[in-house]
Amino acid sequence: LIIAIILACILGILSASLLTFQINSYKQNLKTLYRTKAFFLAEAGIQRALRELNQSESQWAGWTEAENTYSLTISDIGDIEISVDMSESSTPVITSSGTDNGVTRTIRATAVMTSGSGSPWPGALQALNSLDLKSSTLIDSYKNGDPTQQGDKGDISVNGDIVQRSNADIYGEVSYYGGSYTAHMGADIFQFDEDGNPQTVGAEMLLDPVTLPEITVPATLQTAGGSTPMAVNGGTLPCGYYEASHSSGAFRADLHLTGGDYRFVNFDIQNCNVYIEGDVRIYVEGYMDLGNGDYIYNTTGSGLSEVVHSVELYCGGDVVFRQGNVTNMESNYDPGKFKIYGVAESGTMDFKQGARLSACIYAPNYTVIVRQAGEVYGAISAGTIVPKNSFNLHYDERLGEEEGGEGSGTFSVSSWTEI
């Protein structure tokens with residue numbers, strides 16, 4: 001009986017110790033969670049201040065001002081206190097504090113004006129809906145037009161959730177609005193430190209949603225070539241309005257576009273190639289279908305092109321780039337020379353397995369699908385983006401300087417520290 005009592009006492013002590021350990025571990029895990037969330041809230045405050053600095057209309061609406069410092073309190077997604085010291089208007093200082101369950105973290109950042117004019121492609125991927133990055137995806141950037149110079153500007157911003165599955169790597173900033181971020185085993189977000197070494201970082205919450213303004217076909221392009229299309233099977237085509245003469249509805253011989261404005265009823269290319277031989281604007285009123293293994297060459301000259309032409313492609317219907325299709329890959333990795341716009345009220349752009357292209361895509365009302373082993377040099381801004389396994393996207397950092405947005409320059413963070 002005495003032994004039993006002793007054993008019971010020992011078990012009681014051990015149980016109490018284990019319970020105390022578990023409680024302390026739980027509290028520590030909660031504290032870590034609160035600290036992480038507080039930091040994300042502070043980062044979101046920095047982004048909110050940058051948006052205000054870059055706003056051209058109704059700037060500082062809802063903020064309070066005292067001695068050249070603007071302040072704002074936000075409580076809808078968490079507790080955030082923001083102040084922007086405009087004593088030096090060219091280098092405003094932003095202080096942002098995020099608080100979660102009594103834990104506060106504060107970031108102080110200095111902003112500077114950078115050149116640029118609101119590119120439609122400020123990062124690698126922009127989407128109005130949630131994004132699911134499948135296994136073995138790689139999103140990164142390249143500098144100076146050279147894909148061998150890897151950078152960390154492969155930024156992603158979406159409305160909704162971001163799921164980063166196993167072994168999906170991102171070199172850039174990842175941000176989301178109104179959703180959540182989930183990373184599976186082996187999935188990382190990297191940014192390079194001052195010595196060029198990749199360091200893992202976290203995703204950030206956005207305080208304002210991603211927006212993609214509508215785009216329309218230029219008026220002169222909508223009427224290019226008159227009211228009646230010319231039926232052709234292929235050949236060298238001056239600017240004009242065309243349809244396929246083949247009974248299948250497809251062009252069956254190589255097309256050479258010499259330059260100017262082109263309008264097509266549909267653009268169905270089967271077992272032939274397209275050669276861009278001058279700067280062109282193309283409006284496809286209906287569907288576009290590029291057959292298996294067909295190419296779009298945007299060069300004049302041999303090898304990696306003596307001349308790379310400017311292409312603006314406006315798509316009024318669904319688009320399919322079939323398996324093994326190659327577009328603009330001889331253009332010295334300059335996707336800014338090949339712009340694809342989706343202008344329908346709704347549609348799909350489907351890049352089949354192994355399709356490769358150097359282009360930037362802007363399609364606010366489209367679902368853009370890039371299937372297994374697809375590779376893009378450029379950027380995608382779309383309503384919904386659906387990448388499949390082993391998708392690679394390499395963002396050309398020159399695209400961030402593209403025209404088409406607001407203002408003559410934007411503020412961005414030049415340095416920051418946690419205080």
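At 53% relative accessibility, Asn101 counts as exposed. This comes from a predicted model, and Asn101 is placed in the loop that lies between strand E4 (93-100) and strand E5 (103-115).

- With a relative accessible area of 63%, Asn271 is exposed.

**Cysteines**

- The count of disulfides in the model is 0, where a disulfide would require a pair of cysteine sulfur atoms within 2.5 Å.
- For Cys239, the closest cysteine sulfur belongs to Cys315 and lies 19 Å away from the sulfur of Cys239, which is too far for a bond; Cys239 itself is partly exposed, at 46% relative accessibility.
- For Cys272, the closest cysteine sulfur is again in Cys315, and because the separation from the sulfur of Cys272 is 17 Å, the two are too far apart for a bond.
- Cys272 counts as buried, with a relative accessibility of 4%.

**Aromatic rings**

- Across the whole structure, a search finds 19 aromatic pairs, and among them is the pair formed by Tyr262 and Phe264, which is stacked, with 6.4 Å from centre to centre and 10° between the planes.
- Tyr262 is buried, its relative accessible area being 0%, and Phe264 is buried too, with a relative accessible area of 0%.
- Tyr262 and Phe264 also belong to a cluster linked by ring pairs, whose other members are Tyr242, Phe251 and Phe267.

**A charge over a ring**

- Arg263 lies over the face of Tyr241, at a distance of 3.5 Å from the ring centre.

Terms used:
Residues numbered from 1 in each chain as written. Predicted model: local features only at pLDDT ≥ 70, side-chain atom pairs only at ≥ 80, totals over all residues. Heavy atoms only, no water. Buried < 20%, exposed > 50% of the residue type's maximum accessible area, 1.4 Å probe, protein only. Phe/Tyr/Trp six-rings, centres within 6.5 Å; stacked < 30°, edge-to-face > 60°. Lys NZ or Arg CZ within 6 Å of the ring centre and 35° of its normal. Helix = DSSP H or I, 4+ residues; strand = E, 2+ residues; numbered from the N terminus.
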